[in-house]
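Visitor: I am new to this structure and would like to know how its descriptions are reached. Please show it to me.

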Amino acid sequence: VGGVLILGLALLGVSGLSCLVRLRPGRTSRLVVTGACLVTAIAVLPALSVGLYLGRYDVPAYWQGAADALRPAPQDQRLWFVPGERLADYRWTYSSPDDLGRALFQQTVVMRTTVPNGSPEAANLLAAADIGVSENTMSPRSVATYAWLMGAGRILQRNDLRWEQSGGPDPAAVTRLLQESQGITPMGTFGKPGGNTIPPKGDTGPEPLAPLALYSVDRPGQIV
């Protein structure tokens with residue numbers, strides 16, 4: 001919606017300047033047009049210099065390592081972020097409505113969010129999968145099936161979320177589910193165990209967990 005509004009305002013401004021030049025030709029109109037172009041150039045300069053937004057993510061190296069491990073990424077398979085989220089609320093930065101999927105990973109990232117972005121059927125599928133993970137009611141046999149239905153060839157377990165604040169699942173419980181699941185294979189972990197994974201009050205299990213864990217789906221489906 002914001003982009004459409006800005007585009008409309010830009011077209012309105014151009015139309016207004018065009019009318020001004022036609023109705024009042026001369027030095028004044030040229031000065032106005034020149035001034036408008038100068039103001040526009042100054043306004044878009046931050047975007048051209050990669051400084052449009054003041055706030056930036058200081059992304060940990062282990063996230064970049066996970067992204068590098070998935071390159072080259074098959075474009076006919078998705079990457080499933082587990083668990084879902086209300087916001088991108090990581091321990092190493094501030095809460096944000098935008099996650100890292102599009103910025104770091106080449107393949108399409110799928111995860112459950114507060115506002116569904118897709119068809120009702122896709123939203124219901126993601127909700128069913130994430131509720132099973134979050135409430136620890138999913139059978140280990142079902143993880144690969146859900147991944148197949150989503151067209152996901154990889155599963156990225158995120159243990160560095162502030163899960164205790166949003167009522168999310170304990171990373172230790174998610175780890176047990178994925179490690180016991182049939183049809184998926186561990187590919188490795190990223191980050192130092194215990195790094196950005198211990199909540200302020202208490203711990204997540206008998207052993208510190210790595211911030212990220214990657215799994216491959218043995219028989220992945222394809223994007224429909």
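Visitor: Which residues does Ser 181 touch, not counting residues up to four places away in sequence?

Guide: Ser 181 touches Pro 140 and Val 143. Contact here means heavy atoms within 4.5 Å. The model is predicted, so local features need pLDDT of at least 70 and side-chain atom pairs count only at pLDDT 80 or more, while totals for chains, interfaces and linings use all residues. Residues are numbered from 1 along each chain as its sequence is written, and side-chain values use heavy atoms, with hydrogens and water left out.

Visitor: Where is Ser 181 found?

Guide: Ser 181 sits in the loop between helix 8 (171-180) and strand 4 (184-190). Helices (H or I, at least four residues) and strands (E, at least two) are DSSP runs, numbered from the N terminus.

Visitor: Why is Ser 181 called buried?

Guide: Buried means under 20% relative accessible area, exposed over 50%, and partly exposed in between (1.4 Å probe, protein chains only). Ser 181 has 8% relative accessibility, so Ser 181 counts as buried.

Visitor: How do you know that Gly 221 is buried or exposed?

Guide: The relative accessible area of Gly 221 is 5%, so Gly 221 is buried. Gly 221 is placed in the segment after strand 5 (212-217).

Visitor: What does Gly 221 touch, not counting residues up to four places away in sequence?

Guide: Its contacts are Asp 76, Gln 77, Trp 148 and Gly 151. The C-alpha atoms of Gly 221 and Arg 78 are separated by 9.1 Å, and these two residues are 143 residues apart along the chain.

Visitor: How many aromatic pairs does a search of the whole structure find?

Guide: The search finds five. Rings of Phe, Tyr and Trp (its six-membered ring) pair if their centres lie within 6.5 Å; planes under 30 degrees apart count as stacked, over 60 as edge-to-face and the rest as tilted. One of the pairs is Trp 63 and Tyr 90, with 5.5 Å centre to centre and 85° between the planes, which is edge-to-face.

Visitor: What makes this pair tie together parts of the chain?

Guide: Trp 63 lies in helix 3 (residues 61-69) and Tyr 90 in the loop between strand 1 (78-82) and helix 4 (101-104), so the pair ties together parts 27 residues apart in sequence. Both Trp 63 and Tyr 90 are buried.

Visitor: What angle lies between the planes of Phe 81 and Phe 105?

Guide: The angle is 80°, with 5.8 Å centre to centre, and the pair is edge-to-face. Phe 81 and Phe 105 are buried.
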